[in-house]
Amino acid sequence: AVAAAQQALAAAENFEDANEALIKFFQEESLVKENDAKTLLSAIHAAIADTTADRPAPSLLNLMTERGLSSTEKSLALLVEKTRLHFVPISIYEVDPAKASSLEKEFCLKHLVLPFDQISKTLLVATANPFDARAKHHVEGHIEGRVQWFLADPLDLSKTIKDVFRL
(Lines give C-alpha, C1' and ligand atoms only; values in the text may rest on other atoms or scores of the structure.)
Protein backbone atom coordinates (compact mmCIF):
# COMPACT_ATOMS: atom_id res chain seq x y z
CA ALA A 1 0.00 0.00 0.00
CA VAL A 2 2.88 2.37 0.75
CA ALA A 3 4.38 1.59 -2.66
CA ALA A 4 1.06 2.41 -4.33
CA ALA A 5 0.92 5.70 -2.43
CA GLN A 6 4.43 6.63 -3.50
CA GLN A 7 3.62 5.60 -7.08
CA ALA A 8 0.54 7.87 -7.11
CA LEU A 9 2.56 10.85 -5.92
CA ALA A 10 5.39 10.09 -8.35
CA ALA A 11 2.90 9.97 -11.23
CA ALA A 12 2.10 13.63 -10.55
CA GLU A 13 5.46 14.46 -12.15
CA ASN A 14 3.90 13.55 -15.53
CA PHE A 15 1.29 16.30 -15.30
CA GLU A 16 1.89 19.95 -16.11
CA ASP A 17 -1.29 20.86 -14.22
CA ALA A 18 -1.60 19.84 -10.56
CA ASN A 19 -5.41 19.86 -10.76
CA GLU A 20 -5.29 17.46 -13.69
CA ALA A 21 -3.11 15.10 -11.64
CA LEU A 22 -5.54 15.35 -8.71
CA ILE A 23 -8.55 14.66 -10.95
CA LYS A 24 -6.77 11.66 -12.46
CA PHE A 25 -6.18 10.33 -8.93
CA PHE A 26 -9.87 10.76 -8.07
CA GLN A 27 -10.87 9.04 -11.32
CA GLU A 28 -8.62 6.07 -10.55
CA GLU A 29 -10.18 5.87 -7.09
CA SER A 30 -13.69 6.00 -8.67
CA LEU A 31 -14.60 9.22 -6.88
CA VAL A 32 -14.98 11.21 -10.13
CA LYS A 33 -16.38 10.00 -13.46
CA GLU A 34 -14.70 10.90 -16.75
CA ASN A 35 -17.41 13.33 -17.92
CA ASP A 36 -17.35 15.06 -14.50
CA ALA A 37 -13.55 15.24 -14.70
CA LYS A 38 -13.63 17.24 -17.93
CA THR A 39 -16.25 19.62 -16.56
CA LEU A 40 -14.32 20.05 -13.31
CA LEU A 41 -11.08 20.77 -15.14
CA SER A 42 -12.74 23.43 -17.28
CA ALA A 43 -14.42 24.97 -14.26
CA ILE A 44 -11.28 25.05 -12.10
CA HIS A 45 -9.25 26.59 -14.95
CA ALA A 46 -11.92 29.28 -15.40
CA ALA A 47 -11.99 29.95 -11.65
CA ILE A 48 -8.20 30.23 -11.54
CA ALA A 49 -8.23 32.63 -14.49
CA ASP A 50 -10.72 34.83 -12.62
CA THR A 51 -8.63 34.90 -9.42
CA THR A 52 -6.41 37.91 -8.78
CA ALA A 53 -2.83 37.42 -7.55
CA ASP A 54 -3.69 38.72 -4.07
CA ARG A 55 -6.36 36.05 -3.46
CA PRO A 56 -5.92 32.34 -2.68
CA ALA A 57 -6.31 30.08 -5.69
CA PRO A 58 -9.56 28.12 -5.92
CA SER A 59 -9.39 24.50 -4.82
CA LEU A 60 -10.51 21.49 -6.78
CA LEU A 61 -11.70 19.83 -3.55
CA ASN A 62 -13.98 22.78 -2.83
CA LEU A 63 -15.32 22.74 -6.38
CA MET A 64 -16.10 19.02 -6.07
CA THR A 65 -17.97 19.75 -2.84
CA GLU A 66 -19.90 22.66 -4.38
CA ARG A 67 -20.97 20.42 -7.26
CA GLY A 68 -22.08 17.63 -4.94
CA LEU A 69 -19.51 15.13 -6.25
CA SER A 70 -17.80 14.53 -2.91
CA SER A 71 -17.51 16.16 0.46
CA THR A 72 -14.23 17.80 1.35
CA GLU A 73 -13.93 15.40 4.29
CA LYS A 74 -14.36 12.33 2.06
CA SER A 75 -11.86 13.65 -0.50
CA LEU A 76 -9.31 14.48 2.20
CA ALA A 77 -9.80 11.09 3.88
CA LEU A 78 -9.13 9.34 0.57
CA LEU A 79 -6.02 11.46 -0.03
CA VAL A 80 -4.71 10.76 3.48
CA GLU A 81 -5.34 7.04 3.08
CA LYS A 82 -3.78 6.68 -0.37
CA THR A 83 -0.88 9.16 -0.16
CA ARG A 84 0.03 8.37 3.45
CA LEU A 85 0.38 12.08 4.18
CA HIS A 86 -0.82 13.29 7.55
CA PHE A 87 -3.70 15.72 7.93
CA VAL A 88 -3.07 18.97 9.79
CA PRO A 89 -6.00 20.97 11.20
CA ILE A 90 -4.34 24.18 10.05
CA SER A 91 -7.14 26.42 11.33
CA ILE A 92 -6.29 25.57 14.95
CA TYR A 93 -2.52 25.21 14.54
CA GLU A 94 -0.38 28.07 15.77
CA VAL A 95 1.42 28.94 12.54
CA ASP A 96 4.94 30.31 12.92
CA PRO A 97 4.92 33.55 10.84
CA ALA A 98 8.69 33.36 10.31
CA LYS A 99 8.32 29.90 8.77
CA ALA A 100 5.34 31.00 6.67
CA SER A 101 7.31 33.88 5.23
CA SER A 102 10.11 31.53 4.13
CA LEU A 103 8.08 31.27 0.90
CA GLU A 104 6.75 34.13 -1.19
CA LYS A 105 3.19 35.20 -0.41
CA GLU A 106 2.19 35.00 -4.10
CA PHE A 107 3.50 31.45 -4.35
CA CYS A 108 1.58 30.36 -1.25
CA LEU A 109 -1.61 31.94 -2.61
CA LYS A 110 -1.24 30.42 -6.07
CA HIS A 111 -0.42 26.88 -4.92
CA LEU A 112 -2.30 26.79 -1.59
CA VAL A 113 0.80 25.79 0.36
CA LEU A 114 2.01 27.17 3.67
CA PRO A 115 5.09 26.40 5.76
CA PHE A 116 3.66 26.38 9.27
CA ASP A 117 6.36 25.09 11.62
CA GLN A 118 9.81 23.59 11.87
CA ILE A 119 11.07 20.67 13.91
CA SER A 120 14.86 20.47 13.98
CA LYS A 121 15.90 20.77 10.31
CA THR A 122 12.52 19.68 8.95
CA LEU A 123 10.13 22.33 7.65
CA LEU A 124 6.44 21.39 7.99
CA VAL A 125 4.38 22.48 4.98
CA ALA A 126 0.61 22.27 4.51
CA THR A 127 -0.88 21.74 1.05
CA ALA A 128 -4.35 21.35 -0.42
CA ASN A 129 -3.04 19.30 -3.36
CA PRO A 130 -0.33 16.70 -2.73
CA PHE A 131 -0.05 16.19 -6.50
CA ASP A 132 1.27 19.71 -7.14
CA ALA A 133 4.74 18.74 -8.38
CA ARG A 134 5.67 22.35 -9.18
CA ALA A 135 4.97 23.43 -5.62
CA LYS A 136 6.89 20.46 -4.25
CA HIS A 137 9.97 21.20 -6.38
CA HIS A 138 9.83 24.92 -5.60
CA VAL A 139 9.54 24.43 -1.85
CA GLU A 140 12.16 21.70 -1.66
CA GLY A 141 14.49 23.76 -3.86
CA HIS A 142 14.19 26.88 -1.67
CA ILE A 143 14.50 25.23 1.72
CA GLU A 144 17.65 24.04 3.40
CA GLY A 145 16.97 20.76 5.14
CA ARG A 146 14.06 18.40 4.84
CA VAL A 147 10.41 19.15 4.02
CA GLN A 148 7.55 17.22 5.59
CA TRP A 149 4.25 17.61 3.71
CA PHE A 150 0.82 17.65 5.34
CA LEU A 151 -2.69 17.78 3.87
CA ALA A 152 -4.97 20.58 4.96
CA ASP A 153 -8.57 21.49 4.31
CA PRO A 154 -8.43 23.96 1.38
CA LEU A 155 -10.85 26.49 2.91
CA ASP A 156 -8.99 26.48 6.22
CA LEU A 157 -5.66 26.72 4.41
CA SER A 158 -6.87 29.67 2.30
CA LYS A 159 -8.07 31.49 5.41
CA THR A 160 -4.84 30.78 7.27
CA ILE A 161 -2.71 32.02 4.36
CA LYS A 162 -4.76 35.24 4.26
CA ASP A 163 -4.42 35.66 8.04
CA VAL A 164 -0.67 34.98 8.10
CA PHE A 165 0.02 37.39 5.24
CA ARG A 166 -2.59 39.88 6.53
CA LEU A 167 -4.72 40.00 3.40
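Which residue of β4 does A126 stand opposite? A126 faces F150 in that strand.

## Basis of the description

This is a predicted model, in which local features need pLDDT of at least 70, side-chain atom pairs count only at pLDDT 80 or more, and totals for chains, interfaces and linings use all residues. Residues are numbered from 1 along each chain as its sequence is written, and side-chain values use heavy atoms, with hydrogens and water left out.

Helices (H or I, at least four residues) and strands (E, at least two) are DSSP runs, numbered from the N terminus. A residue is called buried under 20% relative accessible area, exposed over 50%, and partly exposed in between (1.4 Å probe, protein chains only).

## Strands

Two strands count as paired if DSSP finds at least two bridges between them. β2 and β3 run antiparallel and are joined by six bridges. Within this pairing, L114 has A126 of β3 as its bridge partner. The hairpin of β2 and β3 has two residues between the strands, and S120 there takes a positive phi near 60°. Five of the seven residues of β2 are buried, so the strand is largely enclosed by the rest of the structure.

β4 pairs with β3 in the parallel sense, over six bridges. Strand β1 (residues 86–87) is also parallel to β4, and two bridges join them. In this pairing, F87 stands opposite L151 of β4.

Helix α3 covers residues 34–49. In α3, A37, L40, L41, A43 and I44 are buried. The cover over the buried residues of α3 includes α2 and α4 (60–66), where contact means heavy atoms within 4.5 Å.

T72, S75, L76, L78, L79 and T83 are buried in α5. They cover an arc of only 160° around the axis, which puts them on the same side of α5; the arc is that of the directions from the helix axis to the C-beta atoms. E73 and K74, on the other side of α5, are exposed. R84 follows α5 and has a positive phi, near 65°.

## Aromatic pairs

A pair of aromatic rings is described by the distance of the centres and the angle of the planes. Rings of Phe, Tyr and Trp (its six-membered ring) pair if their centres lie within 6.5 Å; planes under 30 degrees apart count as stacked, over 60 as edge-to-face and the rest as tilted. By this rule the count comes to four aromatic pairs. One of them is the tilted pair of F25 and F131, at 5.0 Å centre to centre with 35° between the planes. This pair links distant parts of the chain, with F25 in helix α2 and F131 in the loop between β3 (122–127) and α8, 106 residues apart. Both F25 and F131 are buried.

The ring centres of F116 and F150 are 5.5 Å apart and the planes stand at 75°, so this pair is edge-to-face. F116 lies in strand β2 (residues 113–119) and F150 in strand β4 (residues 146–151), so the pair ties together parts that are 34 residues apart in sequence. F116 counts as buried because its relative accessibility is 1%, and F150 is buried as well, with a relative accessible area of 15%.

## Core and single residues

Ring pairs link F25, F26 and F131 into a cluster. A nonpolar core is a set of buried Ala, Val, Leu, Ile, Met, Phe, Trp, Tyr and Cys residues joined through side-chain atoms within 4.5 Å. The largest such core has 49 residues, of which F26 and L157 touch the most other members. Not counting residues up to four places away in sequence, F26 touches L31, V32, L61, M64, S75, L78 and L79.

N19 has its place in helix α2 (residues 18–28) and counts as buried at 11% relative accessibility. With residues up to four places away in sequence left out, N19 touches I44, I48, L60 and N129. A133 belongs to helix α8 (residues 133–142) and is buried, at 12% relative accessible area.
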